[in-house]
Amino acid sequence: MRYIPNSPEERDEMLAVVGLKSADELFRSVPKEVQLGRALNVTDPLAESEVIAALESMAAKNTAATKPSFIGAGVYSHYSPTIVDHLIQRSEFFTSYTPYQPEISQGTLQYIFEFQTLICQLTGMEVANASMYDGSTAMAEAYLMAQRVTRRDKIVVAKSVHPEYREVARTYTQHGAAEIVEVAFDEKTGRIADLAALDDKTAALVVQSPNFFGCVEDLEKLADAAHAIGALLIVVVTEAISFGLLKSPGECGADIVVGEGQSWGVPMSFGGPHVGIFATQEKFVRQMPGRLCGVAYDKNGNRGFVLTLSTREQHIRREKATSNICTNQGLIALAATIYMETMGKKGLQEVAMQNAQKAAYAKQRIAEINGYSIAFDAPTFNEFVVRGPLAATEILEKLRTDAGIVGGLALSKYYDGHDTDFLVCVTETNSREQIDSLVSALAG
Amino acid sequence: MTSIPENLRYSKDHEWVAVDGDTATIGITDYAQHALGDVVYIDMPRVGDKFGTHEAFGSVESVKAVSEIFTPVAGEVVEVNDGVNDTPEAVNKEPYTDGWMVKVKMDNPGEADAMLSAVEYEEYLSSQS
């Protein structure tokens, strides 16, 4: 496809109309010193086979993609059944954007409704929207929603929430009234420690579980603490596979559950596109951002799917809308839906159990190595922090070069005073042989 | 035929006010409910909220549209008709009684006197049509 479909003759004709001699003159308002002044450094045209060969050789440089990897930290390596990719490539789903004349696209609305239903069942909440861009922006929208619900502006967020999520939320909310207070985690347990910041100006307490260190937070206790001062509890989940094993945030008293759905059959893709999830209780639905699909019946009793409560949204309420999100992450939400429906209840439980068991095995073996220990003692799901005998960056570099293993993520990137700590993730894609070779490489 | 009770005061935004001492009860007129169509939800302020004259204090959502409702008089919200969201059709059926929205303690109790009388509101409506 050509993006500039006009011929040189047509271009000359257009230039003549506006009284210019060349296309370069169109850019004369751009100062000379910032103009490139030469042609772009690109190769001559290549044959298709040559392009593929060139791209394959570039892809081969990404050696991490073929090494055993134990990095999670918000993006997880999980097996995606081939049916997921096959079905999302059906032509009916090619234009997966939320339709502007929505009710004509019953198939699209049906899968959105199924997605929302599955999110509600897994999170233990009453309503879920048609998806958000990703987990971090979903968390930022949850801040804003909590401010609307409580009419308070203080957001108390645990430092054990993913550091990049906190950074996105700060950027996202920086021009609003939110006052963000970050609170410490317990150096022994790895769980949120300091609730002294909660007061009658607090809109929400924000925790991640399993948190950035893999530790499962005591959500029921935190819900009670938040509710006691009239604040909401926002629970963030970056590892969606954990829903298959852990008690749902809804059952623990969460008011808003947000998270990342990448683990559900979506490739890691260098960090995106992924899919955000957003669920809450029905009493807060009018303050919820994003698209919402509902089921309705016509006068003859036929079931149909409709976009519902659109009056919250920007195209109707303009600047009073709950959010400027007027769309959803259609194609990726579809992939997640197909994944969840393919796995089924038992499949989701089984994959979660495999993650937990393999991680528990790795955790136990690593803790037995001389000089190594587990940094935090709270229960974990499929990630945990290892404390090594020397700088984690050195340990990880040695693993990579000597053993060809991507061993984890050094916490020093985000946390002061944790130079010897690194985060290790074990999923169902890591074989026992891989775990054993990680252990022997660390021990060696 | 649009109902315009004589004992009330009216605004050009189609709110009505019933004055009792320094308290004003506020709702939307029969004309407004008819123009909006079936009301499904009312977004209300909270008791204690303070508003100046002609500030948006909430919104009425109907099957057709969302419309803001404005304070015809300045003051502090002292009571909210919370029950109306259980039966939002009351705004359509009984806009001047069961469909009331908020009670406001007026900053300036004389302010309502400057609003339109029933006769003036009726003239205003016919001049608009």
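This is a predicted model: local features need pLDDT of at least 70, side-chain atom pairs count only at pLDDT 80 or more; totals for chains, interfaces and linings use all residues.
Next I looked up which residues of H4(A) are buried. The list includes A:Leu109, A:Tyr111, A:Ile112, A:Phe113, A:Phe115, A:Leu118, A:Ile119 and A:Leu122. A:Gln116 is on it too, as are A:Thr108 and A:Thr123.

What do these buried residues pack against? I get strands E1 (127-128), E6 (256-260), E7 (276-280), E8 (293-297) and E9 (303-307), plus helix H9 (330-367), in chain A.

I also checked what follows the helix: A:Gly124 comes after H4(A), and its phi is positive, near 75 degrees.

**Strands E8 and E9**

Two of the strands that H4(A) packs against, E8 and E9, turned out to be partners. I see E8(A) and E9(A) pairing in the antiparallel sense over 5 bridges. Picking one position, I find A:Ala296 opposite A:Gly304 in E9(A).

The pair makes a hairpin, with 5 residues between the strands. In the turn I noted A:Gly301, which has a positive phi of about 85 degrees.

**Chain A overall**

I stepped back to the whole chain. Chain A has 11 helices and 13 strands. Its C-alpha atoms fill a box of roughly 75 × 65 × 45 Å along the principal axes. Of its 444 residues, 43% are buried. Counting contacts with a separation of 6 or more, I get 72% from residues 24 or more positions apart.

**Cores**

Which residues have the most contacts inside the largest nonpolar core? They are A:Ala146, A:Val206 and A:Ile234, in a core of 117 residues. Why do I place the core between two domains? Domain 1 (66-79 + 345-443) and domain 2 (82-338) of chain A both give residues to it, so it lies between them.

I then followed up A:Ala146, leaving aside its neighbours within four places in sequence. A:Ala146 is in contact with A:Ile155, A:Ala203, A:Ala204, A:Leu232, A:Ile234 and A:Ile256. One of these contacts, A:Ile234, is also on the list of residues with the most contacts inside the core.

Last entry: there is a second, separate core of 31 residues, and among its members I noted B:Val39, B:Val77, B:Met101 and B:Met115.

Conventions. Residues are numbered from 1 along each chain as its sequence is written. Chains are lettered from A and ligands numbered from 1 in the order in which they are written. A residue is buried if 20 or more other C-beta atoms lie within 10 Å of its own, exposed if 12 or fewer, and partly exposed in between; C-beta atoms are placed from the backbone. Helices (H or I, at least four residues) and strands (E, at least two) are DSSP runs, numbered from the N terminus. Two residues are in contact if their C-beta atoms, placed from the backbone, lie within 7 Å. Two strands pair if DSSP finds at least two bridges between them. A nonpolar core is a set of buried Ala, Val, Leu, Ile, Met, Phe, Trp, Tyr and Cys residues joined through C-beta atoms within 7 Å. Domain bounds come from an automatic or database domain assignment.
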